[in-house]
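Have the model open before reading on.

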Amino acid sequence: MRKIKPWLLYAILATIFWGVWGAFASLPSTNGFPDTLNYCVWALTMIIPSVYVLKLNHWKLQMDKKSIYMGMIIGILGAGGQMVLFYTVTIGPTYLIFPIISLSPVITIVLSLLFLRERVRILGAIGIALALMALPLFEYSNDIENSNSENGVLWFALTIVILVAWGVQAYFMKLANQTMAAESIFFYMMISGLLLIPIALFLTDFDYEINWGLNGPYLAFIIQIMNSIGALCLVYAFRYGKAIVVSPMANAGAPLMTSIISMILLGIIPGQYKILGIIFAIVAAFLLAIEPEEKE
């Protein structure tokens, strides 16, 4: 029996870890552990895979100005998006938030068109068209859920902010990969996350009762370590495999898994327009991910 290829194993693990993480990301906040502190836990869990990766790379870290600059931009955009996400999942439906975020390649492609003079082929064009059609469907007010909630527009707006941040992050990550090792990029992502912890603590209202029990910070650690390990698995998936094969699983597979798990746990069947939006988003993410790059 043939052994599973390394890239496929890591890609599957990344999809599973991120899919499950997304579905349960809001649980600690629901249990009384503030989303700002949830962010702090995530930032701390990033240390574990970062140290592990550097050790495997014999502690080689690129510390030239360009690498630090690019690494910190990537890290701040990613960590900032995470900080917003932890609040967003407490006021909005995760089964809709993650499919929207999966459309972030649209931003990456647009930036590549403008600044890298890359072209979009037929699959990319169809993906962008589906993405543009999907976004209005997520906020179609004829559906029952969230239509009467004051947070109905806020969660959608914040999700768009995350989409843009991670789309821009992917653009800079694309640039950085031309001169930087994955281990160095991941290290600066970890550093950036830690640097934003003081902001998260400042935004935390410690006057309110905080759940310091097992279903608070300890549950947050278990959930957020899945996020960090998923990111680490993706690094290795890209190292051993081709991006056009690995990307679809991360961009479309994980959000789809999150949506399905969330809907099962909540016992919710979205309205027809939101279901159509989810389908459009997943298909768009898949098409954008497998869009082949133009050869120079």
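In which helix does Ala200 lie? Ala200 lies in helix α11, residues 197-203. Helices here are DSSP runs of H or I with at least four residues, numbered from the N terminus.

This is a predicted model: local features need pLDDT of at least 70, side-chain atom pairs count only at pLDDT 80 or more, and totals for chains, interfaces and linings use all residues. Residues are numbered from 1 along each chain as its sequence is written, and side-chain values use heavy atoms, with hydrogens and water left out.

Ala200 has a relative accessible area of 0%, so it is buried. Buried means under 20% relative accessible area, exposed over 50%, and partly exposed in between (1.4 Å probe, protein chains only). In sequence, Ala200 and Cys40 are 160 residues apart. In space, their C-alpha atoms are 6.9 Å apart.

Helix α6 spans residues 94-101. Eight of its eight residues are buried, so the rest of the structure largely encloses α6. Among them are Tyr95, Phe98 and Pro99.

Now take a helix pair. The axes of α7 (residues 105-115) and α9 (residues 154-176) come within 7 Å and cross at roughly 50°. Axes are lines fitted to C-alpha atoms, for helices over the stretch in contact, and angles run from 0 to 180 degrees between N-to-C directions. The two helices, α7 and α9, are therefore oblique to each other. Oblique covers what is left after under 35 degrees (roughly parallel), over 145 (roughly antiparallel) and 65 to 115 (roughly perpendicular).

Last, helix α1. Ile16 is found there, within residues 6-24. Its relative accessibility is 39%, so Ile16 counts as partly exposed.
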